[in-house]
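Welcome to the tour. Open your viewer, switch to a cartoon view, and follow the stops below in order.

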Amino acid sequence: MSGHKDLYQKFVRYLAQTSDEPIGIVVDRAEGCWIYAKDGKRYLDFISGIAVTSIGHRHPEVVEAIKHQVDRYLHTMVYGEFVQDVQVALAEKLVTILQEACKRAVGKSEWGWQYYPTNSGTEANEGALKLARKFTGRKKFIAFKNSFHGDTMGSLSVTGREVYRKPFEPLIADVEFLTFGDINDLERIDENVAAVICEPIQGEAGIIVPPDNFLPALRRRCDEVEALLVFDEVQTGFGRTGKWFAFEHWGIVPDILTVGKALGGGMPLGGFLARQEVMRTFAENPPLCHVTTFGGHPVCCAAALAALNFMEQENLPERARVMGEKLKEGIKELAKRYRSASRGKIVDVRGKGLMLGIEFETKEETKAFVKGCLEKGLIVGGTLHTEKVVRIAPPLTISDEEIDWALKRMSELVR
Ligand SMILES: Cc1ncc(COP(=O)(O)O)c(C=O)c1O
């Protein structure tokens with residue numbers, strides 16, 4: 001039994017820490033919606049490794065696809081040079097899914113999307129920003145306050161929280177931050193702007209869904225000034241919000257889409273997608289101006305292809321919508337009792353699909369709720385830019401029984 005404590009000490013000693021308060025579960029194994037710790041406890045995963053394990057942990061079809069690929073080839077060449085069947089198959093699948101989503105959103109079916117694979121979400125955004133500058137020949141970027149786009153220099157430059165940017169300045173200079181959801185602010189997007197980068201639903205800001213007219217107005221403004229619209233769907237993509245992509249909720253389509261997290265079915269894979277004429281700009285003047293060694297690793301592509309096939313077979317976006325409604329209703333019920341118990345209040349329960357946020361009145365109450373859930377075997381978390389919101393993002397495969405189990409644990413905390 002003391003073995004896992006030893007492991008924790010070594011984790012603190014040998015691995016660089018990102019905070020003084022890691023969650024600290026010592027993982028033994030994970031299966032479906034559950035994580036099993038070395039001390040014998042089990043946890044229902046209600047954050048999915050932050051919106052990654054949307055099809056659950058170690059999905060058998062993903063594991064099988066990985067094994068099959070490992071037996072054929074691993075890395076053979078940097079991205080873009082060799083034809084790797086599994087990479088081509090994934091790109092075709094992803095583009096097909098995206099074209100169908102675009103058709104549902106605006107009715108047009110031919111888009112000529114192409115996929116450029118990356119290892120992570122932040123690299124996807126780096127690629128999108130570079131692509132926008134090179135394609136438009138313009139310098140400026142517009143982003144939104146309280147956004148999160150990743151921690152490399154470019155993505156950090158468009159991340160809307162000064163406390164995280166300041167220590168690393170100078171960053172990209174030409175970035176202006178607008179208020180997310182404020183239509184009047186959109187006037188500030190002008191002909192100098194290469195791209196506007198935006199999460200359709202802000203995740204780290206505390207699960208912020210914009211007013212219904214905001215994103216269509218943003219799309220119109222970008223068209224007026226011929227700025228590219230980049231939707232960062234690293235967190236919202238692949239069914240999380242009850243649609244394949246969040247942009248479908250608003251009947252609009254971006255010029256560049258960035259993806260990551262759930263795409264790889266638990267393996268590291270991201271990427272950006274754009275129309276062929278836009279993407280072409282990376283292949284010329286000069287060629288090889290944006291390359292990657294490992295982006296689109298064949299094992300990750302195999303895992304992603306299996307994950308996408310499963311999401312499609314099971315219609316997981318629709319499942320996320322239905323289960324999300326059930327869960328949201330359950331939490332709203334709980335919120336009423338929370339109020340009547342006159343502890344710190346729950347002031348809002350919001351989100352779409354299985355991307356939900358519970359906003360508390362105080363940060364102490366938020367912290368106590370997260371800790372209380374964890375003690376009861378339920379993993380929920382916070383979001384980066386606020387201390388008053390609890391993030392709820394279970395696998396989209398979550399069952400009715402598991403949702404009931406979680407609601408029961410939460411309601412024990414209310415009592
Ligand atoms: C909206 C969004 N964009 C980008 C990223 C960065 O992704 P990664 O951590 O894979 O670099 C995240 C990560 O949380 C995210 O939520």
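## First stop: a hairpin

Select β14 and β15, which pair in the antiparallel sense over 3 bridges. Strands here are DSSP runs (E, at least two residues), helices are DSSP runs too (H or I, at least four), and both are numbered from the N terminus. Two strands count as paired if DSSP finds at least two bridges between them. Between β14 and β15 there are 2 residues, and the two strands form a hairpin.

Two notes before moving on. The model is predicted, so local features need pLDDT of at least 70 and side-chain atom pairs count only at pLDDT 80 or more, while totals for chains, interfaces and linings use all residues. Residue numbers start from 1 along each chain as its sequence is written.

## The sheet around the hairpin

Now widen the selection to the open sheet of 4 strands, whose order is β11-β12-β15-β14 with antiparallel pairing. Its edge strands are β11 (346–352) and β14 (381–383), each pairing on one side only. On average, neighbouring strands of this sheet are turned by 35° against each other, direction ignored. Such angles use axes that are lines fitted to C-alpha atoms, for helices over the stretch in contact, and run from 0 to 180 degrees between N-to-C directions.

Walk across the sheet from β11. This strand and β12 (residues 355–360) pair in the antiparallel sense over 6 bridges, and Val 349 stands opposite Ile 358 in β12. Next, β12 and β15 pair, again antiparallel, over 4 bridges; here Leu 356 stands opposite Ile 392 in β15. Colour β15 by burial and you will find that 5 of its 7 residues are buried. A residue is buried if 20 or more other C-beta atoms lie within 10 Å of its own, exposed if 12 or fewer, and partly exposed in between, with C-beta atoms placed from the backbone.

What lies across β12, β14 and β15? Select helix α12 (residues 363–375), which runs at about 30° to β15 (386–392).

## A second sheet

Move to the open sheet of 4 strands with the order β1-β2-β3-β13 and mixed pairing. The edge strands are β1 and β13 (378–379), each pairing on one side only.

Start with β1 (residues 27–31) and β2 (residues 34–37), which run antiparallel and are joined by 4 bridges. Val 27 has Ala 37 in β2 as its bridge partner. Zoom in on the hairpin of these strands, with 2 residues between them: Gly 32 takes a positive phi near 60°. From there, β2 and β3 (residues 42–45) pair in the antiparallel sense over 3 bridges, and the bridge partner of Trp 34 in β3 is Leu 44.

## Tyr 116 and its strand

Select β4 (residues 113–118), the strand that holds Tyr 116. This strand is mostly covered, with 5 of its 6 residues buried. β4 and β10 (residues 270–275) pair in the antiparallel sense over 6 bridges, and Tyr 115 has Leu 273 in β10 as its bridge partner.

Is Tyr 116 buried or exposed? Tyr 116 is buried, because 25 other C-beta atoms lie within 10 Å. Leaving out residues up to four places away in sequence, Tyr 116 touches Gly 127, Gly 271, Phe 272 and Met 279. Contact means that the C-beta atoms, placed from the backbone, lie within 7 Å.

## The ligand

Centre on the ligand. Of the 15 residues around the ligand, Ser 120, Gly 121, Thr 122, Gly 150 and Val 234 come nearest. A residue is near a molecule if its C-beta atom, placed from the backbone, lies within 6 Å of it. Helix α5 (residues 121–136) gives the largest share of this shell, 3 residues. By class, the shell has 3 nonpolar, 10 polar and 2 charged residues. Ala, Val, Leu, Ile, Met, Phe, Trp, Tyr, Cys and Pro count as nonpolar, Asp, Glu, Lys and Arg as charged, and the others, Gly among them, as polar.

## Zoom out

Finally, show the whole protein chain, with its 13 helices and 15 strands. The C-alpha atoms fill a box of roughly 60 × 55 × 45 Å, taken along the principal axes. Buried residues make up 49% of the 415 residues.

Note on methods
Two residues are in contact if their C-beta atoms, placed from the backbone, lie within 7 Å.
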